Amino acid sequence: IFSYFSPVLFLWNLTMVKDIQNSGAFNSTGGRYYPAEYFDSGAYKKMSIHTYNSGGQHPLADRAKKLRTEGILIIRFELPWDIWCGHCGAHITMGIRFNAEKKRAGHFHSTPLYSFGLKCCFCRGRIVIETDPEHRDYKIISGARRKTKTYDASDDPNVMAMPQPEDSAKLQADPMFRAERAEQDGER
């Protein structure tokens, strides 16, 4: 039985690695394949292998076509809350994803502000949303308004009312009041 650090096992692994290297599965560049045309055309003097293989395009391809000229990158943006479109009045729900144009809009102290321009999925009207690091949120700049959800706890049968301070003093002092309150709690 050979242990992991056995010299015989080590030599066997070493000869196996040499056989694999000599078989052509690896080349002298450490495992990366560079086509012969890359060297024959002289491209290695002008561009990286990635630029050569991609035809000179940016790694993000069409998503970055405005990046160099206008500073805009196309990203997938998911709405953080429900909104009403300002152009057609349609309700757009939270979680809908858009192809948005992301660009830098300024700074808040040292934090960059980003602006996201997206189009309404119903009327194609432009909606602009910006980051708001001061309030740890987003804010709508133009094209829509945020839907505010209000909640009234008195309508919810699962919510129990908090005891008032005068009720807690009365609960401790009056045993009849305590019995009536326990009966009311049992009915709920």
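A: What follows starts with the pocket, then moves to the strands and loops around the chain.

This is a predicted model, in which local features need pLDDT of at least 70, side-chain atom pairs count only at pLDDT 80 or more, and totals for chains, interfaces and linings use all residues. Residues are numbered from 1 along each chain as its sequence is written, and side-chain values use heavy atoms, with hydrogens and water left out.

The largest pocket has a volume of about 220 Å³. A pocket here is an open set of points on a 1 Å grid over the protein atoms alone, where a 1.4 Å probe fits, with protein on both sides within 12 Å along at least five of seven lines. Lining residues have an atom within 4 Å of a point. Grid points are joined across faces, edges and corners, and the volume is the space filled by probe spheres set on the points.

The lining consists of Ile 74, Arg 76, Arg 97, Phe 98, Asn 99, Glu 101, Gly 117, Leu 118, Lys 119, Arg 124 and Arg 126. Two or more of the lining residues come from each of strand E1 (73–78), strand E4 (97–108) and strand E5 (111–119). Strands (E, at least two residues) and helices (H or I, at least four) are DSSP runs, numbered from the N terminus. E4 gives the most to the lining, with 4 residues. By class, the lining has 3 nonpolar, 2 polar and 6 charged residues. Ala, Val, Leu, Ile, Met, Phe, Trp, Tyr, Cys and Pro count as nonpolar; Asp, Glu, Lys and Arg count as charged; the others, Gly among them, count as polar.

Now strand E1. Its side chains alternate. Leu 73, Ile 75 and Phe 77 point to one face and are buried. Buried means under 20% relative accessible area, exposed means over 50%, and partly exposed lies in between (1.4 Å probe, protein chains only). Ile 74 and Arg 76 are among the pocket-lining residues. E1 pairs with E4 in the antiparallel sense over 6 bridges. Two strands pair if DSSP finds at least two bridges between them. Ile 75 has Ala 100 as its bridge partner in E4.

Arg 63 sits in the loop between helix H3 (49–54) and helix H4 (67–70). At 40% relative accessibility, Arg 63 is partly exposed. Setting aside neighbours within four places in sequence, Arg 63 is in contact (heavy atoms within 4.5 Å) with Ile 72, Leu 73, Ile 74 and Ile 75. Asn 99 is one of the lining residues.

Next, E5. Ser 115 lies in strand E5. Ser 115 is buried, at 9% relative accessibility. Not counting residues up to four places away in sequence, Ser 115 touches Glu 101, Lys 102, Lys 103, Ala 105, Val 128, Ile 129 and Glu 130. Glu 101 is itself part of the pocket lining.

Arg 124 is another lining residue. Arg 124 is in the loop between E5 and strand E6 (126–132). Its phi is near 65°, a positive value in a residue other than glycine. Arg 124 is exposed, with a relative accessible area of 55%. Arg 136 also has a positive phi, about 55°, although it is not a glycine. Arg 136 is in the loop between E6 and strand E7 (137–142). Arg 136 is exposed, at 80% relative accessible area.

Pro 80 is in the loop between E1 and E2. Pro 80 counts as partly exposed, at 25% relative accessibility. Beyond residues up to four places away, Pro 80 touches Met 94 and Tyr 138. The C-alpha atoms of Pro 80 and Met 94 are 5.6 Å apart, although the residues are 14 apart along the chain.

E2 (residues 83–85) and E8 are joined by 3 bridges. Cys 85 has Ala 144 as its bridge partner in E8.

Finally, the whole chain. The protein has 6 helices and 8 strands. Of its 188 residues, 19% count as buried.
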